[in-house]
Amino acid sequence: MFHLRRGPLVQSFNFSPDETVYHRYYLNRENVSNTLIMIQPMLDSYSFDSEPVPVLLSVKSIEPDKILLLDTFFHVLLFYGETIVAWRNAGYHEDPEHENFKALLTIPNDDAMELIDNRFPRPMFIETDPGGSQERFLLAFLNPEITHMSGIGDGSKVIFTEDVSLQVFIEHLKKRAVENET
């Protein structure tokens with residue numbers, strides 16, 4: 001419910017009328033598995049330590065040594081952590097001694113291309129780094145647990161939004177569920 005409310009299927013703010021119709025048309029046209037991806041996107045994390053693993057749609061999933069792959073059905077996004085970007089810009093992936101880093105850059109890209117090639121309509125592919133202009137596509141789908149208003153910082157990315165976090169949303173639903181209707 002939380003992700004459906006924040007996504008392009010219900011939310012029409014910041015979308016043209018054509019985009020709104022486009023999103024809702026494909027909601028009615030697609031199978032259940034694709035519809036579930038539209039409602040709650042999939043976020044996978046790639047690192048040296050393990051195979052790709054699904055992670056929560058949370059700002060806390062952004063880590064400097066990870067690559068994130070976000071699949072929203074309409075967009076496929078690769079987000080590179082700060083350390084990964086620094087190593088990529090230093091050219092470590094071109095050094096034969098760092099084949100494992102080259103593989104770390106290649107695997108999520110191959111997975112993204114497989115998602116794109118197997119889907120109609122073809123999703124928009126986005127690659128971005130921390131602070132990049134396209135980072136907004138990732139941040140729009142993440143749970144804003146840490147905002148400029150919360151003042152809580154554990155080193156995670158701060159999202160500047162007035163939207164409520166998943167925790168606040170659930171607490172509000174609990175209150176409404178047990179409230180008398182008199």
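The model is a predicted one.

Start with the sheet. Five strands make up an open sheet, in the order E2-E1-E3-E4-E5. The pairing within this sheet is mixed. In general, strands of a sheet pair through backbone hydrogen bonds, and they do so either parallel or antiparallel. Two strands sit at the edges: E2 and E5, the latter covering 124-128. Each of these edge strands pairs on one side only.

Now look at strand E1, residues 42-46.

E1 has a partner in strand E3, residues 67-71. The two run antiparallel and share five bridges. E1 and E2 together form a hairpin, and six residues lie between them.

Move to the end of the sheet where E5 lies. Strand E4 spans residues 75-80 and pairs with E5. In which sense do E4 and E5 pair? They are parallel, with five bridges between them. Val76 has Phe125 in E5 as its bridge partner.

Next come two helices. H4 covers residues 82-89, and H5 covers residues 99-117. Their axes come within 12 Å and cross at roughly 115 degrees. The crossing is left-handed. Which residues meet there? From H4 come Ile84, Trp87 and Arg88; from H5 come Phe101, Leu104 and Leu105. Sorted by class, this contact has five nonpolar residues, one charged residue and no polar ones.

The last topic is charge. Side chains of opposite charge can pair when their charged atoms come close. How many salt bridges does the count give for this model? It comes to six salt bridges.

Take Arg119 and Asp71. Their side chains meet in a salt bridge, at 2.7 Å from N to O. Arg119 lies in the loop between H5 and E5, while Asp71 belongs to strand E3, so the pair ties together parts that are 48 residues apart in sequence. Are these two residues buried or exposed? Arg119 has 11% relative accessibility, so it counts as buried. Asp71 is buried as well, with a relative accessible area of 2%. Asp71 thus links back to the sheet, because it lies in strand E3.

A second salt bridge joins Arg29 and Glu30, at 3.0 Å from N to O. Glu30 is buried, with a relative accessible area of 15%. Arg29 counts as partly exposed, at 44% relative accessibility.

Lys66 counts as buried at 15% relative accessibility. Glu63 is partly exposed, at 34%.

Methods. Residues are numbered from 1 along each chain as its sequence is written. This is a predicted model: local features need pLDDT of at least 70, side-chain atom pairs count only at pLDDT 80 or more; totals for chains, interfaces and linings use all residues. Side-chain values use heavy atoms; hydrogens and water are left out. Buried means under 20% relative accessible area, exposed over 50%, partly exposed in between (1.4 Å probe, protein chains only). Helices (H or I, at least four residues) and strands (E, at least two) are DSSP runs, numbered from the N terminus. Two strands pair if DSSP finds at least two bridges between them. Axes are lines fitted to C-alpha atoms, for helices over the stretch in contact, and angles run from 0 to 180 degrees between N-to-C directions. A crossing is left-handed if the near helix is turned anticlockwise from the far one by less than a right angle, and right-handed if clockwise. Contact means heavy atoms within 4.5 Å. Ala, Val, Leu, Ile, Met, Phe, Trp, Tyr, Cys and Pro count as nonpolar, Asp, Glu, Lys and Arg as charged, and the others, Gly among them, as polar. A salt bridge is a side-chain nitrogen of Lys or Arg within 4 Å of a carboxyl oxygen of Asp or Glu.
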